[in-house]
Amino acid sequence: MALHEAKDPGAEDSATDLFASPLSEDVLPKHRMPADHSPPGVVYALIHNELLLDGNAAQNLATFCTTWSDDEVHRLMDECLDKNMVDKDEYPQTAEIESRCVNILADLWNAPSTGENAPNAMGCSTTGSSEAAILGGLALKWRWRQRRRNEGKSTERPNLVCGPVQICWDKFARYFDVELRQVPLEPGATGLRAHQLKDYVDENTIGVVAILGVTFTCDYEPVAEFAAELDRIQAETGWDVPIHVDAASGGFIAPFLHPDLVWDFRLPRVASINTSGHKYGLAPLGVGWAIWRTADLLPEDLVFRVNYLGGDIPTFALNFSRPGGEIVAQYYTFLRLGRGGYRRVQQACADTARYLAGEVAAMGPFTLLYDGNGALPAVSYKLTDPAGAGFSLYDLSDQLRMRGWQVPAYPLPADQQDTVIQRVLIRHGVGRDEIALLAADMRRALQRLTHGVPPESDRAGFHH
């Protein structure tokens, strides 16, 4: 007698069309788990189709984050999907790769006593540059507090001085009870200027944050000038104020494109640096780095040693479990590109940014704030005559979004909040041809905004 097996109604039937499956014939659950399982291919396809509603990452010119990676990076990420970065006892080679990355970055940024003969740099990986910045801020606060205690002085009301910083510094200040003294922008300035420090620094200042790649304008703040001004302030007052460099983007640009710019550990006053591996570090999303000039600048009280998962694990982070794939991918990129490869990639981006700056300047209604020279591979600009232009940069952003481009418009920080600008970031994977298409779409958008109709060349493109 033949044996017959009843078919599982939830099993995938390759002969059944995806869009005739039971799951596809209803609205996907949004508030409650479904009662039973569904075929994995069907679930994948339906979620995949929902994600098509997201913007095209390649056209997102607002983000600093990596949107293109080698196939080998995808393979390594998949192989590391089950590795918990914090469990260094179980995954010692992943921990070793993290240590190598820390040493490579410390050497890249000219930390003392680094290189092949002294491979013991102080630093750690994080989930991104925001967490790395917060860890840098904590070290500043702890050292300031200990110094005040040693001097028998009050440890109340610590403050941190900065210019137009990313929101992570507001979070640090609020979460860890530090006054954030955010210095207003001067007219025409693209960031904090050294002469402004004297009006904001005092004995309770735990540090000054210098931005190597201002989020708003993409320019570098003059770190060496900050250091010189703080030297002068210390000579007058005795206040020894360290610098933390937020090099979220510029930390992977300046060493390759601007090697003579002194901004890093060559300045004795620079105590720590954070960067984002998943921005111009060219690693996939989810990795940042915090590096200290010397080991003594990271207070031991901030490092936890946890007897967990088989070993005594030192940890300095705001979370515990996180994947190791991004760190492995960062090391892969270091090895694959080397200094010469990073230089060529970043130079290509910078050249494309300068090409776009020329196109934008030639369009007529814009004034460039940053033209891609001397800092990040990017362009920022404003309307020369906002009142008389007949449109706003927000209108232009909406027009460009119709073609899939994500180009943000936003006001500058205080005291220049009346100035609205746009910013275009050029990243690895954003090529010259793509930016030429953006420039052409900008010109067409300007024609529609100022004349109400597309240009003649657009209308002539349709043939029947």
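**Entry on Asn 110.** I looked up Asn 110 and found a relative accessibility of 34%, so Asn 110 counts as partly exposed. The cut-offs are under 20% relative accessible area for buried, over 50% for exposed and in between for partly exposed (1.4 Å probe, protein chains only). The model is predicted, so local features need pLDDT of at least 70 and side-chain atom pairs count only at pLDDT 80 or more, whereas totals for chains, interfaces and linings use all residues. Residues are numbered from 1 along each chain as its sequence is written, and side-chain values use heavy atoms, with hydrogens and water left out.

I placed Asn 110 in the loop between H3 and strand S1 (122-126). Helices (H or I, at least four residues) and strands (E, at least two) are DSSP runs, numbered from the N terminus. Phi of Asn 110 is positive, about 65°, although Asn 110 is not a glycine. I noted this because most residues other than glycine have a negative phi, and most peptide bonds are trans.

Leu 282 sits in the loop between S6 and S7. Is Leu 282 buried or exposed? With a relative accessible area of 9%, Leu 282 is buried.

I found a cis peptide bond running from Ala 414 to Asp 415, with omega near 0°. Asp 415 belongs to the loop between strand S12 (409-411) and strand S13 (420-425).

**Entry on the chain.** I recorded 11 helices and 13 strands for the protein chain. The C-alpha trace spans about 90 × 70 × 45 Å along its principal axes. Of the 464 residues in the chain, 48% are buried. Among contacts with a separation of 6 or more, 69% are between residues 24 or more positions apart; a contact means heavy atoms within 4.5 Å.

**Entry on the nonpolar core.** I looked up the largest nonpolar core and found 60 residues, with Leu 197, Val 223, Ile 243, Val 245 and Trp 263 having the most contacts inside it. Such a core is a set of buried Ala, Val, Leu, Ile, Met, Phe, Trp, Tyr and Cys residues joined through side-chain atoms within 4.5 Å. The elements that each supply at least two residues of this core include helix H3 (92-108), helix H6 (223-237), strand S5 (243-246) and helix H8 (325-363). H8 gives the largest share, 8 residues.

I listed what Val 245 touches beyond four places in sequence: Ala 210, Leu 212, Val 223, Trp 263, Val 270, Ser 272, Ile 273 and Asn 274.

**Entry on Arg 269.** I found Arg 269 in the loop between H7 and S6. Arg 269 is buried, since its relative accessible area is 11%. Which residues does Arg 269 touch, not counting those up to four places away in sequence? They are Ala 227, Leu 230, Asp 231, Gln 234, Asp 240, Val 241, Pro 242 and Ile 243.

**Entry on H8 with H10.** I looked up the packing of H8 on H10 and found an angle of about 15°, with the axes 10 Å apart. H8 is therefore roughly parallel to H10. Axes are lines fitted to C-alpha atoms, for helices over the stretch in contact, and angles run from 0 to 180 degrees between N-to-C directions. Under 35 degrees counts as roughly parallel, over 145 as roughly antiparallel, 65 to 115 as roughly perpendicular and the rest as oblique.

H8 contributes Asp 351, Thr 352, Tyr 355, Leu 356, Glu 359, Val 360 and Met 363 to the contact, and residues from H10 include Arg 432, Ile 435, Leu 438, Met 442 and Leu 446. I sorted the residues of the contact of H8 with H10 into 10 nonpolar, 1 polar and 4 charged. Ala, Val, Leu, Ile, Met, Phe, Trp, Tyr, Cys and Pro count as nonpolar, Asp, Glu, Lys and Arg as charged, and the others, Gly among them, as polar.

**Entry on H9 with H10.** I found helix H9 (residues 393-401) packed against helix H10 (residues 432-451) at an angle of about 120°, with their axes 9 Å apart. H9 and H10 are therefore oblique to each other. From H9, Asp 395, Leu 396, Gln 399 and Leu 400 take part, meeting H10 residues among them Leu 438, Asp 441, Met 442 and Leu 446. I noted 7 nonpolar, 1 polar and 3 charged residues in the contact of H9 with H10.

**Entry on Trp 142.** I placed Trp 142 in helix H4 (residues 129-150). Trp 142 is partly exposed, because its relative accessible area is 23%. Leaving aside neighbours within four places in sequence, Trp 142 is in contact with Pro 299, Asp 301 and Leu 302.
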